[in-house]
Amino acid sequence: MNHRGVEFTVAKTAISGIWQWQFRIGEQLKSGKTETKIDLLAIRRVQLRIDRELKAVGRKTA
C-alpha cells in the first residue's frame with residue numbers, strides 16, 4: 001500500500017487481532033505491531049504513524 005508516497009505493509013499475524021506493519025522513509029526502516037480486530041483500523045494506525053514520521057523528518061531538515 002502507499003500513503004503520501006511511502007510504501008507500507010500491514011499483515012495479520014498468527015495471533016488473532018494482532019497486525020504487523022512495516023514502512024521505510026529514506027534509509028530508516030520502521031516496523032511494529034498493533035492490536036485490533038478491524039483491518040481498516042490497523043491500516044489507519046500505520047498511516048497516522050507515517051504522518052508523524054514524515055512530520056519529524058520535516059522538522060529535522062528545516
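## A sheet with a helix on it

In strand 4, Q20 has K33 as its bridge partner. Strands here are DSSP runs of E with at least two residues, helices are runs of H or I with at least four, and both are numbered from the N terminus. Contact means heavy atoms within 4.5 Å.

A word on the model: it is predicted, so local features need pLDDT of at least 70 and side-chain atom pairs count only at pLDDT 80 or more, while totals for chains, interfaces and linings use all residues. Residues are numbered from 1 along each chain as its sequence is written, and side-chain values use heavy atoms, leaving out hydrogens and water.

To count as paired, two strands need at least two bridges found by DSSP.

Strand 2 (residues 6-12) runs antiparallel to strand 3 (residues 18-25), and five bridges join them. Here K12 stands opposite W19. Five residues lie between these strands in their hairpin, where G17 takes a positive phi near 85°. Next, strand 3 pairs with strand 4 (residues 28-35) over eight bridges, again antiparallel, with R24 opposite L29. Their hairpin has two residues between the strands, and G26 in the turn has a positive phi of about 65°.

## Inside the fold

Now look at the largest nonpolar core, which has 11 residues, among them V6, W21, F23 and I50. Such a core is a set of buried Ala, Val, Leu, Ile, Met, Phe, Trp, Tyr and Cys residues joined through side-chain atoms within 4.5 Å. Strand 2, strand 3 and helix 1 each give two or more residues to this core.

## A buried glutamate

E53 is found in helix 1 (residues 39-61). With 15% relative accessibility, E53 counts as buried. Leaving aside neighbours within four places in sequence, E53 is in contact with F23, I25, Q28 and K30.

Technical notes
Buried means under 20% relative accessible area, exposed over 50%, partly exposed in between (1.4 Å probe, protein chains only).
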